[in-house]
Structures are given as structure tokens and as C-alpha cells.
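Hi,

Here is the structure I said I would pass on to you. Please open it beside this message, and then read on for what turned up in it.

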Amino acid sequence: MNSAVTLRELTERGLVYAPGVWDGLTARLAEQAGFDALCASGFAVSAALGLPDAELYTMSENLGAVRVIREASTLPLVADIDTGYGNALNAARTATAFAAAGVGGVFMEDQVSPKACPICVGDPVDLVDVPTAVGKIRAVRDAMPDDVLLIARTDARGDEAISRAEAYVAAGADMIMPVTKTFDSIEDWERCHAAVGVPLMATLTASTWTEREFTPDVLRQIGVRLALLPTQVLMAATGAAREALRRLASGEPPAEVSADALPHHDFVDLIGFPEVEQMQRKYLPARTEA
């Protein structure tokens, strides 16, 4: 089934959780874990390049990561396209490329480019004016097939966020994505949903209030249909890798460090060696003894 149609259908049926992934391995792991959708997390894609989430990578680098994820998993994918990487015309080209790569949805923010991750900086971030943001949303909506979800993110706060969200829906957004700093209470999320009349997307970012308080029942109550888990897998993988490297660098025997890791034979099965061997037997000439 087409990924874009599947993501729209899934969110129409009810609440969908999408973990943040950044490469083929994490995409495969998420699919095997039983998730129904994936998120190409900009925070994680940046981190995989050794960079902070400050729009230091290019559109092409982000698109390359998305293509790898799509090749590794059949799950519908929502992609972070940051600010669209320029003005409305740039954003339209970005959206066209990501839709062609097979994503089921994109989310774009209203920050000034280059953006800054709002949970990593202390001061309020700079936003483009509303006419500029609206023009970018209209351009992206016109550039993509109708079945690809357009999720408009706002980094504004309080009443300004709701006012912007209403304008973004009028411009063609299918969902609204308040960031974790947009509102301070569940009641404000409810108020936003009532005002915009479309589903919301929430980010349950690690170590934020939304991660702690947005239970499935709360998410349904406030109108969320797509809930991202953008950094949990990244933090877990980073912590495990850092600890293993520390132990190896300290001189601990590799066999002892490996004892706490995924067994080799389990990884071989997970990554797909049995399927490759099956295809080799089917399509390659039989080996002959020397």
C-alpha cells in the first residue's frame, strides 16, 4: 500500500505513535518492534551527522537519510523538513522531493532559517511573519499530492500560536504541530484543537512535560492523532554506545563488553542475512567444489 495513503488512513482511524529514526538500522528495529509508522527525526538525522539540530545540514543530506529509511522499512514515514530550506519556492521544491521519496507526510516550522531546536535554547526563537509562513504552507500544499499529509508546526506561544495555527489551516495544513514550549497546560492544547478544527501532532520529546503527561487518553482528549517519539531511541542508543566505548577504552576485555550487547547471531537475523542467503540460493549459480 502507498505510504502516503497509509499514513493518512492510520491517523483517520485513531492515535498513531511514530518513533524517531535516522537510518536503515533504526527503521528496521522500529518496524520489528511493532510500530505502525516512523518519523525521520531532524534532531536524530542531525545527530547522526555529528551536528546539533540547528539546520546545519542541507536539504539533500536530510533527503538522503529519508531515502535510506524508506528503503529499509515498509512503514509509512513522516519527515521533518525544518523550515523548507528557504522561501516558499524553496519549500515547494523540498516538499516535491520528499514526496517523490515516498514519505506519507511532512512537517514544516515557522521559524526563521536557520532554525534552532526550541528545547535546546533558552530564549524564544525567531519566527517569520504570518504572511510569509502562510505563503510557504500554500506552496508546499500545492507542490505535493493530496494524499501526503502537510503538518504545520508553530514555535509561537499561547494565543499567538493559536492565531497562527488557524491561518495555517486556512492555507492548507492538514494538521497542526505545537512544539513542547508552545503551551504550558493540557487545557491550552484542548483550546488549540477546538480553534483549528483539525487534528494535532504532538512531540513527546525526552525529558519534557509532554513526555511525562501526555498519556494515550490525554492525547485523544486534546485531539492528537500523530504522536512522535523523536529522541527516545537516539538517547538510548547514544547512552549504550558511549558506555560500551568507555569500557573498551578503559581496557576492559572486548568479550566482557560484548556480553551485555545483542548477541551476534540475533543481529545477523535482525539485519536480514537469512533473506539474502535465500535469494542467493534462488538466483545465483550453485557453488561447485574446487
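**Salt bridges**

Arg-141 counts as buried because its relative accessibility is 11%. Before going further, please keep in mind that this is a predicted model, so every value here is computed from predicted atoms.

Another of them joins the side chains of Glu-109 and Arg-153, at 3.3 Å from N to O. Glu-109 belongs to strand β4 (residues 105-109) and Arg-153 to strand β5 (residues 149-154), so this pair ties together parts that are 44 residues apart in sequence. Both partners are under cover: Glu-109 is buried at 5% relative accessibility, and Arg-153 is buried with a relative accessible area of 7%.

Arg-153 also meets the side chain of Asp-155 in a salt bridge, here at 2.7 Å from N to O. Asp-155 counts as buried, with 7% relative accessibility. If you colour the charged residues, look for the network of salt bridges that links Asp-53, Asp-82, Glu-109, Lys-115, Arg-153 and Asp-155.

A search of the whole structure finds 2 cavities of 30 Å³ or more, and the largest cavity has a volume of about 240 Å³. Its lining is made by 20 residues, and Asp-53, Arg-153, Thr-203, Thr-205 and Pro-230 are the ones nearest the centre of this largest cavity. Asp-53 and Arg-153 are also members of the salt-bridge network.

Then there is the largest pocket, which holds about 340 Å³ of space. It is lined by 15 residues, with Leu-25, Thr-26, Leu-29, Ala-237 and Ala-240 nearest its centre. Two or more lining residues come from each of α2, α11 (232-249) and α13 (264-271). Helix α11 gives the largest share of the lining, 7 residues.

Which residues make the nonpolar surface patch of about 310 Å²? They are Leu-25, Leu-29, Leu-262 and Phe-267. Leu-29 lies in helix α2 (residues 24-33), and it counts as partly exposed because its relative accessibility is 37%.

**Cysteines**

How many disulfides does a search of the whole structure find? The count is 0. For Cys-192 the reason is distance: the closest cysteine sulfur, in Cys-39, is 19 Å from the sulfur of Cys-192, too far for a bond. Cys-192 is buried, at 1% relative accessibility. Cys-117 is buried too, with a relative accessible area of 10%.

Gly-135 and Arg-247 are 112 residues apart in sequence, and their C-alpha atoms are 52 Å apart in space. At 22% relative accessibility, Gly-135 counts as partly exposed.

The second pair is Phe-35 and Leu-75, which are 40 residues apart in sequence and 8.2 Å apart in space, C-alpha to C-alpha. You will find Phe-35 in the loop between α2 and β2 (38-40). Phe-35 is partly exposed, with a relative accessible area of 28%.

Enjoy exploring, and write back with any questions.

Best wishes

Definitions and conventions:
Residues are numbered from 1 along each chain as its sequence is written. This is a predicted model: local features need pLDDT of at least 70, side-chain atom pairs count only at pLDDT 80 or more; totals for chains, interfaces and linings use all residues. Side-chain values use heavy atoms; hydrogens and water are left out. Patches are made of residues with over 30% relative accessible area and no salt bridge: like charges are joined within 9 Å, nonpolar side chains (Val, Leu, Ile, Met, Phe, Trp, Tyr) within 5 Å. Accessible areas come from the Shrake-Rupley method with a 1.4 Å probe; for residues, only the protein chains shown count as cover. A salt bridge is a side-chain nitrogen of Lys or Arg within 4 Å of a carboxyl oxygen of Asp or Glu. Helices (H or I, at least four residues) and strands (E, at least two) are DSSP runs, numbered from the N terminus. Buried means under 20% relative accessible area, exposed over 50%, partly exposed in between (1.4 Å probe, protein chains only). A disulfide is a pair of cysteine sulfur atoms within 2.5 Å. On a 1 Å grid over the protein atoms alone, a cavity is a set of points where a 1.4 Å probe fits but cannot get out, and a pocket is an open set with protein on both sides within 12 Å along at least five of seven lines; lining residues have an atom within 4 Å of a point. Grid points are joined across faces, edges and corners, and a volume is the space filled by probe spheres set on the points.
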